[in-house]
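User: Please show me the sequence and the structure, so that we can go through them step by step.

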2 protein chains.
Amino acid sequence: MDTLTVALGEKAYPIHVGSGLLGRSEFLLPLLRYPKTVIVSNVTVAPLYLKQLAEPLRQAGIDVAEVRLPDGERFKNWQTLQTIFDVLLQSHCERTTTLIALGGGVVGDMAGFAAACFQRGIPFVQIPTTLLAQVDSSVGGKTAINHPFGKNMIGAFHQPSLVLTDTDTLNTLPDRELRSGLAEVIKYGLIKDLSFFEWLEANIERLLVREPTALREAILRSCRNKAAVVIADEREHGERALLNLGHTFGHAIETGVGYGEWLHGEAVAVGTMMAAELSLCHGWLLRVDVERMENLFKRAGLPVYGPRLTTERYLELMQHDKKVQNGRLRLVLLRALGNAVVSDSASLNDIQSAILARSPHV
Amino acid sequence: MDTLTVALGEKAYPIHVGSGLLGRSEFLLPLLRYPKTVIVSNVTVAPLYLKQLAEPLRQAGIDVAEVRLPDGERFKNWQTLQTIFDVLLQSHCERTTTLIALGGGVVGDMAGFAAACFQRGIPFVQIPTTLLAQVDSSVGGKTAINHPFGKNMIGAFHQPSLVLTDTDTLNTLPDRELRSGLAEVIKYGLIKDLSFFEWLEANIERLLVREPTALREAILRSCRNKAAVVIADEREHGERALLNLGHTFGHAIETGVGYGEWLHGEAVAVGTMMAAELSLCHGWLLRVDVERMENLFKRAGLPVYGPRLTTERYLELMQHDKKVQNGRLRLVLLRALGNAVVSDSASLNDIQSAILARSPHV
């Protein structure tokens with residue numbers, strides 16, 4: 001097992017990464033001060049892993065309530081969130097009750113937001129079971145639900161007390177979900193870690209066949225990168241925005257085609273290619289850099305062209321994104337591979353060209 | 001005009017109290033960094049005061065959107081909150097857009113919670129128009145909505161950037177609402193300011209006839225008391241809980257009879273009398289103290305006996321309150337007039353007796 005710390009002062013917390021962690025109640029028990037907890041999972045993950053997690057807790061005398069959410073991004077809304085609140089209240093949870101999120105990014109974001117709001121904030125633990133959640137959404141305290149007009153529009157910054165990453169849970173992850181997670185892994189290399197990008201170029205096939213040592217290395221390097229950014233800028237006043245590389249375009253794709261049609265990582269891969277085209281147009285990236293990126297995404301089994309959406313629709317959706325400031329789009333672009341910057345210098349024309357360059361040719 | 005500061009470090013903010021402040025845009029304009037704002041009000045307050053507030057802003061070039069919520073505690077729920085998010089998104093609000101709450105406690109709590117969650121937090125200003133909001137809910141950053149199982153169950157700590165208290169708005173406040181606000185004013189005296197309690201015994205009639213200097217004095221002393229507690233304990237880990245004197249019983253009344261049937265201050269007055277009975281039973285208060293409290297509440301036109309609810313129903317509702325810890329009810333009791341303490345020492349029997357002592361005799 002490896003342990004990283006997200007050094008956020010009073011709110012510091014450990015990320016444990018390893019095999020067989022799910023059943024090791026010694027990590028959780030010290031956090032369950034009142035002998036009660038609620039595990040939030042979904043209908044896909046719960047049958048696979050919930051018992052393994054809950055049983056040792058129950059044996060230790062903890063009263064464990066369960067919430068099984070429907071599975072999918074399209075359920076990441078207020079109606080679903082209510083079902084968590086209902087159980088928290090029916091179980092007489094208190095301000096000191098710790099909530100546990102067991103699942104992918106949607107479960108983690110919703111359970112985290114429920115914990116942020118319930119009685120104005122209760123502690124929670126992230127147990128991510130998808131690669132995407134393990135390398136990205138479980139770390140850093142961003143929680144949210146979607147609004148019909150935009151992704152993650154309603155949310156809170158609420159740091160977990162612990163992230164428990166059991167790499168065994170990746171064994172049951174569908175291939176498409178694994179590939180989606182790799183988009184975020186590649187993102188860290190592009191943003192600030194060229195040597196990690198090169199490591200990925202050398203090892204992407206090992207990750208696709210789920211070689212445990214390769215997966216563990218990728219998760220650890222991703223979390224280390226993410227933790228460094230979060231520590232420097234918890235509430236995204238500056239540097240943290242770099243983590244949104246590809247996300248403004250990507251969110252437009254996810255919202256534009258309807259939540260859940262495209263997986264998050266798929267949309268981010270295409271969005272990152274759009275950001276690459278814009279960076280090329282700024283003279284920051286070379287064509288050969290863009291091709292390296294395209295090749296790596298393709299080898300990872302990810303799309304590099306978007307869905308059939310008009311550029312007008314993209315722009316409309318991007319106006320709702322949280323990255324708009326003073327009416328100008330603030331986009332994450334690449335000065336070079338491994339060096340991302342936030343920029344509002346792109347003209348509307350250039351943005352449209354970048355979208356078109358990565359839209360399907362009719 | 002008088003100004004108090006809630007000295008919360010980076011989050012410090014001023015409370016301006018005075019006459020004619022609503023139309024003085026110089027307080028608001030420096031906070032509206034992007035020339036756009038959304039004013040959240042309700043259908044009762046908006047026709048009276050919204051134009052007075054919005055017009056000078058529009059003349060200064062600010063794009064002002066408006067949300068008019070339905071009026072009443074029973075609308076303090078997620079459905080109503082959605083209407084705020086819808087306008088924020090339709091108006092293309094950004095992370096730097098400042099939201100303005102114009103109204104009583106319900107408007108302030110909902111607008112504040114919307115500001116806390118929208119894009120994970122945007123700035124907001126409180127412009128309270130009821131006595132209750134001016135002396136209590138607008139100060140201290142507690143925001144929330146209700147859940148069918150409990151009041152203020154879903155919320156956030158989110159401090160305003162400014163509180164603007166225009167005492168002229170009290171001229172249109174219905175008598176019953178004025179009296180409801182006086183319950184919270186009396187509360188501050190009971191908790192930690194005996195000389196303020198005595199001042200109220202001497203001046204309550206001046207407040208009831210809305211004598212401006214008396215109202216201003218009561219508002220300032222209340223806000224000063226509240227600010228001191230909030231500064232010492234922003235997130236209610238300790239002392240801030242004292243502000244909940246009468247509220248655990250009071251919330252049970254509000255939820256038990258249906259939101260909006262009893263005004264908040266009315267329920268708090270009765271709840272405070274129940275806490276007084278418990279304090280009497282502990283030997284902390286004397287019968288003569290309880291009578292002084294009862295007399296002041298009665299002179300303020302407030303009820304001192306609760307609705308027809310069984311003690312079982314009270315206890316069930318109180319179990320959902322945020323003041324439960326390790327399954328025991330933590331109640332605010334009075335060691336003496338002007339000296340409140342948090343205590344979990346009351347037995348179930350004593351709590352039932354206190355409820356019965358303040359329930360209507362059949």
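User: Is Glu26(B) buried or exposed?
Analyst: A residue counts as buried if 20 or more other C-beta atoms lie within 10 Å of its own, as exposed if 12 or fewer do, and as partly exposed in between, with C-beta atoms placed from the backbone. Glu26(B) lies in the loop between β2 (13–18) and β3 (36–42) of chain B, where helices (H or I, at least four residues) and strands (E, at least two) are DSSP runs numbered from the N terminus. Since 8 other C-beta atoms are found within 10 Å of it, Glu26(B) is exposed.

User: What pLDDT do local features need in this model?
Analyst: Residues are numbered from 1 along each chain as its sequence is written, while chains are lettered from A and ligands numbered from 1 in the order in which they are written. The model is predicted, so totals for chains, interfaces and linings use all residues, side-chain atom pairs count only at pLDDT 80 or more, and local features need pLDDT of at least 70.

User: Which element gives the largest share of the side of chain A that touches chain B?
Analyst: In the contact between the chains, 27 residues of chain A meet 27 residues of chain B. On the side of chain A, the elements that give two or more residues are α2 (78–90), β7 (142–147), β8 (150–157) and β10 (324–325). The largest share, 6 residues, comes from β8(A).

User: How many nonpolar residues does that side of chain A have?
Analyst: Ala, Val, Leu, Ile, Met, Phe, Trp, Tyr, Cys and Pro count as nonpolar, Asp, Glu, Lys and Arg as charged, and the others, Gly among them, as polar. By these classes, the side of chain A that touches chain B has 4 charged residues, 10 polar residues and, for the nonpolar class, 13.

User: How are α8(B) and α11(B) oriented to each other?
Analyst: The axes are lines fitted to C-alpha atoms, for helices over the stretch in contact, and angles run from 0 to 180 degrees between N-to-C directions. The axes of α8 (residues 247–257) and α11 (residues 311–319) of chain B come within 9 Å and cross at roughly 110°. Angles under 35 degrees count as roughly parallel, over 145 as roughly antiparallel, 65 to 115 as roughly perpendicular and the rest as oblique. The two helices α8(B) and α11(B) are therefore roughly perpendicular.

User: Which residues of α11(B) take part in the contact with α8(B)?
Analyst: The residues of this contact divide into 4 nonpolar, 3 polar and 1 charged. From α8(B) come Thr248(B), Ala252(B), Thr255(B) and Gly256(B), and they meet, in α11(B), Arg313(B), Tyr314(B), Leu317(B) and Met318(B).

User: How many residues does the largest nonpolar core have?
Analyst: A nonpolar core is a set of buried Ala, Val, Leu, Ile, Met, Phe, Trp, Tyr and Cys residues joined through C-beta atoms within 7 Å. Ala114(A) and Leu102(A) are among the residues with the most contacts inside the largest one, and Ala114(A) touches Leu81(A), Ile84(A), Phe85(A) and Leu99(A), not counting residues up to four places away in sequence. The number of residues in the largest core is 228.

User: How far apart in space are Leu53(A) and Leu102(A)?
Analyst: Leu53(A) belongs to helix α1 (residues 45–59) of chain A, and it counts as buried because it has 23 C-beta neighbours inside 10 Å. Leaving out residues up to four places away in sequence, Leu53(A) touches Leu22(A), Ile39(A), Leu102(A) and Ile127(A). Leu53(A) and Leu102(A) are 49 residues apart in sequence, and their C-alpha to C-alpha separation is 8.9 Å.

User: Is Lys76(B) buried or exposed?
Analyst: Lys76(B) sits in the loop between β4 (63–69) and α2 (78–90) of chain B. Apart from its neighbours within four places in sequence, Lys76(B) is in contact with Val106(B), Asp109(B), Met110(B), Ile145(B) and Asn146(B). Because 23 C-beta neighbours lie inside 10 Å, Lys76(B) counts as buried.

Conventions
Two residues are in contact if their C-beta atoms, placed from the backbone, lie within 7 Å.
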